[in-house]
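Please keep the sequence and the structure in view while reading.

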Amino acid sequence: MSGEFPIKIIHERNVCIGCCACESIEPKFWKMNTDNKVDLVGAKKEGDEVYTLELKEMQGNMEAAESCPVNCIHVEEKGIKKI
Ligand code: SF4
């Protein structure tokens, strides 16, 4: 997707270990759930435990992705994988 929503956040939720690094950086988008994994707020389920969210702007999600110790947050900008 590009145009109005050039940023795509991808969360491999099954890989998440619930360390909360992403939530501490960008709590507007990352929230701990009762199963000790975080949810990407407003995301849609795109596959088996893969959730995606399209945005107009990156906001703090690049830093959140860089903080993830198991690399289960990915960011695309205009279809190009950034992390
Ligand atoms: S930083 Fe990664 S492993 Fe930690 S809670 Fe966020 S998505 Fe899960």
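## Basis of the model

The model is predicted; local features need pLDDT of at least 70 and side-chain atom pairs count only at pLDDT 80 or more, whereas totals for chains, interfaces and linings use all residues. Residues are numbered from 1 along each chain as its sequence is written.

## Overall form

The protein contains two helices and seven strands. Helices (H or I, at least four residues) and strands (E, at least two) are DSSP runs, numbered from the N terminus. Along the sequence, these elements follow the pattern β-α-β-β-β-β-α-β-β.

The C-alpha trace spans about 35 × 25 × 20 Å along its principal axes. The radius of gyration of the protein is 12 Å, which agrees with the value near 12 Å for a compact globule of 83 residues. This radius is taken over C-alpha atoms, and the globule rule is 2.2 Å times the number of residues to the power 0.38.

Of the 83 residues, 23% count as buried. A residue is buried if 20 or more other C-beta atoms lie within 10 Å of its own, exposed if 12 or fewer do, and partly exposed in between, with C-beta atoms placed from the backbone. Two residues are in contact if their C-beta atoms, placed from the backbone, lie within 7 Å. Among contacts between residues at least 6 apart in sequence, 57% join residues at least 24 apart.

## The sheet

Strands of a sheet pair through backbone hydrogen bonds, either parallel or antiparallel. In this model, five strands form an open sheet in the order S4-S5-S1-S6-S7, with antiparallel pairing. Strand S4 (44-47) and strand S7 (80-81) stand at the edges; each has a single partner strand, so one side of each is left without a neighbour in the sheet. Two strands count as paired if DSSP finds at least two bridges between them.

Strand S1 (residues 7-12) is joined to S5 by six bridges, and the two run antiparallel. Within this pair, Ile-7 stands opposite Leu-55 of S5. S1 also pairs with strand S6 (residues 73-77) in the antiparallel sense, over five bridges. There, His-11 has Ile-73 of S6 as its bridge partner. S4 and S5 run antiparallel as well and are joined by three bridges. Lys-44 stands opposite Thr-52 in S5, and Gly-47 has Val-50 in S5 as its bridge partner.

Glu-49 lies in the loop between S4 and strand S5 (50-55). The hairpin of these strands has two residues between them, and Glu-49 takes a positive phi near 65° there. Glu-49 is partly exposed, because 14 other C-beta atoms lie within 10 Å.

Cys-20 belongs to the loop between S1 and helix H1 (21-25). Although Cys-20 is not a glycine, its phi is positive, at about 75°. Cys-20 counts as partly exposed, since it has 15 C-beta neighbours inside 10 Å.

## The nonpolar core

A nonpolar core is a set of buried Ala, Val, Leu, Ile, Met, Phe, Trp, Tyr and Cys residues joined through C-beta atoms within 7 Å. The largest such core has 15 residues, and Ile-9, Cys-22, Trp-30, Ala-64, Cys-68 and Ile-73 have the most contacts inside it. S1, H1, strand S3 (38-40) and helix H2 (61-67) each supply at least two residues of this core. S1 gives the largest share, three residues.

Trp-30 is found in strand S2 (residues 30-32). Trp-30 is buried, because 25 other C-beta atoms lie within 10 Å. Leaving aside residues up to four places away in sequence, Trp-30 touches Cys-22, Glu-23, Val-38, Leu-40 and Ala-64. Trp-30 and Cys-20 are 10 residues apart in sequence, and their C-alpha atoms are 8.3 Å apart in space.

## Around the ligand

Which residues come nearest to the ligand? Of the 15 residues around it, these are Cys-16, Cys-19, Ala-21, Cys-22 and Cys-68. A residue is near a molecule if its C-beta atom, placed from the backbone, lies within 6 Å of it.

By class, the shell around the ligand has 13 nonpolar, two polar and no charged residues. Ala, Val, Leu, Ile, Met, Phe, Trp, Tyr, Cys and Pro count as nonpolar, Asp, Glu, Lys and Arg as charged, and the others, Gly among them, as polar.
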